Amino acid sequence: MSALETLLLVLAIFGVLTGLSVIVLSLIWLERKFLGRMQMRMGPMHVGPFGLLQPVADAVKLMAKEDLLSSLVDRVVYWVAPLAVFVPTFMIWVTIPVARDLVIRNLDMGLFYIIAFSVLSIVGLVTAGWASSNKYAVLGGFRAAAQLVSYEIPLILAVLGVAMLAQSMNLEEVVNSQSTVVYALVQPLGLVIFFIAGLAELGRTPFDIHPAESEVVGGPFVEYSGAHWAVFFLAEYINTFAIAALTVLLFLGGWLFPGISGDVSALGVLVFLVKTYLVILVVFWIRGTYPRLRIDQLMSLGWKVLVPLALVNVVITASYMFYGWSAWSLSLMSLAILGAAIWGLSKRMRTAPTPEYTVKLYVPAPEASNAG
Amino acid sequence: MVDLSTEGQLDTVQMMVNMGPQHPSTHGVFRMVLWVDGERIVDLEPHIGYLHRGSEKLCEGELYVQIVTLFDRMDYISNLNNEMIFCRAVERLMGLAVPERAEYIRVILCELNRVASHLLFCGTFGIDAGAMTPIMYAFRDREKIQSMFEAVTGARMMHNYIRIGGVKGDVPDDFSQRMGALLKVLRQGINETDKLLSFSEIFLARTKGIGVIDAETAIAYGMSGPSLRACGVPMDVRKDEPYSVYDRFDFGIPIGEKGDSWDRYYVRVEEMRQSMRIIEQALEQMPDGPTITPSRLVLRPPQGEVYVRGENPRGEIGVYLVSNGADKPYRVKVRPPSFCNLMAIKELLKDTYIADAVVILGSLDIVLGEVDR
């Protein structure tokens, strides 16, 4: 590697880091504003126009805060844990393209690399919980371990389906192979599995079980303050953006859009960003709507519903590829299975009182009510 | 051959977790010491008293008219109900008649207070279960009720509006119209909150069948109010022993079946609707006339004792008042509903998960100001 190449690589990494920081700030603002609107509030209003500078003010406040440290913490592990969470989340951006040829290193095993690295951040969460010498942190850390490890599996299987269709693990080729039809239409089942498992990986509502505020008071992060807490926060939002970006790249055609030539990089980036932010808005939307699952319910959803569905997804994709059926047959099968799954769940969904889910009205006889 | 059994090699120990008094979902300064095996609660020990202000003892040092403000501060979510129970105790002791119009104003405000209290419950219960939006909708509606209280009593909380012998003053001239408009908005708002939370699949999974208590055990622990009615016991002081003008209204008592957290939640939602029915009828029937029976500032009830019961949003409240003929009571004892409902916590939380503990405690709807007094 020549000196120039090294310099370019360093510059690119700095560029990505800066870009991600800006994106995280925008996400924090967007989340607060969006949730505020959902809840009939204004969201941040006072710092800058439309409260745009609120995340900046928050960041400055966090940096200026004193780092409180319990005397019982395991110091080395305690300080390393935020980095162990942050570094993998940043590393996966090395191979995520935001437009054609706009990527630091376009790895042939890109998807494999991303999955391998994203698993690493679990270690950080567990060690953070353990080193904090706080029982809530320990509980949160182990919840995180159980949750994130379980949901890796449906996530990987959903990605596998896409990799099979694209015949490649190179993200750029995955996107290019969607130039005629996006995989969301070919594999709707895969998209749903990937998105739900992704939500669980992020620890977002309804799967915000390890930081659950009303139960374990912030989980692994409960003892962290100031800049170290900010690193966790940064990692969480970068992860959110990464999962949304992967959803866009794997299922929604990345920077491709009908009628827009993907050759112009700036336009490609714009299309990519618009799609990613739309996916993120769905994540926020879900956060504003649902309560939280319990850890055992989360596990049973993961192992009893998502993993079997993901396996079925892989199997139907494989048979479609092996027998060379026409493209629409896979969509049809995928849709049918998704529909069956939704129907199975919706039999348990309700939006109004049913005989089973209601309370009765007891009206005593008139003479009884006058007795007193 | 590798020995794969982990018996004797992996020892697990129980962990003691101190939940509260500074925990976001203990609804104040309640403290539980939990012994957990993983996430499962093996044993627990509740600790109360962090908000003890000695209200009952303080009552012995105040004039009767001053005590009303102390009752305001016991259950600070349903102030008017608390004021009313104390005033009724003194009135019963003195044989003081209350003007009809005052009774109607009291009932309307108390029922409105019940709606406000249950709205707060619905919101915070959503937070306990992890949903962050319902509380905003609940508070939007509660805020309108608070404004209504402000218009009538002059204060959003701690009203000191219900006085011995009646109420402080008459309601505003356009009270009926404003109440009509408010009820319309509230109906809509409650339906919205209901849709958002009550039948959400995740919410049902979190609350259905969690924290079940049967009627006999509940009665044995002295539970009352919505927590008892959720077990299917139609016990409501407003029906069993109608006080004030409650016998003139047509309303039902919502009762649950299983006595789980969801029933305790939904009984309250239905109760809000019933309360609004009462308010509507009361507005129609409300007569004109004076709003207070004039009495002296320094009251000296005759020697004697009295016990009155009333239906608070949280359950049956009772006041035992002993007078020795002086200007200050000899003894005031309160039977707080939250305290009695909380007694069952050990029964309810055994062998549940930590996540359930939060939901079950939330479903009891305790107010620590009342538990500790």
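**Helix packing and burial**

The axes of helix 3 (residues 75-91) of chain A and helix 10 (residues 226-251) of chain A come within 9 Å and cross at roughly 25 degrees. This is a predicted model, in which local features need pLDDT of at least 70 and side-chain atom pairs count only at pLDDT 80 or more, while totals for chains, interfaces and linings use all residues. Residues are numbered from 1 along each chain as its sequence is written, and chains are lettered from A and ligands numbered from 1 in the order in which they are written.

Q: Which residues make the contact of helix 3 of chain A with helix 10 of chain A?
A: In helix 3 of chain A they are Pro82(A), Val85(A), Phe86(A), Thr89(A) and Phe90(A); in helix 10 of chain A they are His228(A), Val231(A), Phe232(A), Leu234(A), Ala235(A), Ile238(A), Asn239(A) and Ala242(A). Residues are in contact if their C-beta atoms, placed from the backbone, lie within 7 Å. The residues of this contact comprise 10 nonpolar, three polar and no charged (Ala, Val, Leu, Ile, Met, Phe, Trp, Tyr, Cys and Pro count as nonpolar, Asp, Glu, Lys and Arg as charged, and the others, Gly among them, as polar).

Q: What makes Ser261(B) count as buried?
A: A residue is buried if 20 or more other C-beta atoms lie within 10 Å of its own, exposed if 12 or fewer, and partly exposed in between. Ser261(B) has 28 C-beta neighbours inside 10 Å and therefore counts as buried. Ser261(B) lies in helix 11 (residues 261-285) of chain B. Not counting residues up to four places away in sequence, Ser261(B) touches residues including Thr207(B), Ile210(B) and Val359(B).

Q: Why is chain B called as compact as a globular protein of its length?
A: Chain B has 15 helices and nine strands. Its radius of gyration is 22 Å, close to the 21 Å that the globule rule gives for 373 residues, so chain B is as compact as a globular protein of that length (the radius is taken over C-alpha atoms, and the rule is 2.2 Å times the number of residues to the power 0.38). Buried residues make up 53% of the 373 residues in chain B.

Key:
Axes fitted to C-alpha atoms, helices over the stretch in contact; angles between N-to-C directions. Helix = DSSP H or I, 4+ residues; strand = E, 2+ residues; numbered from the N terminus. Contact = placed C-beta atoms within 7 Å.
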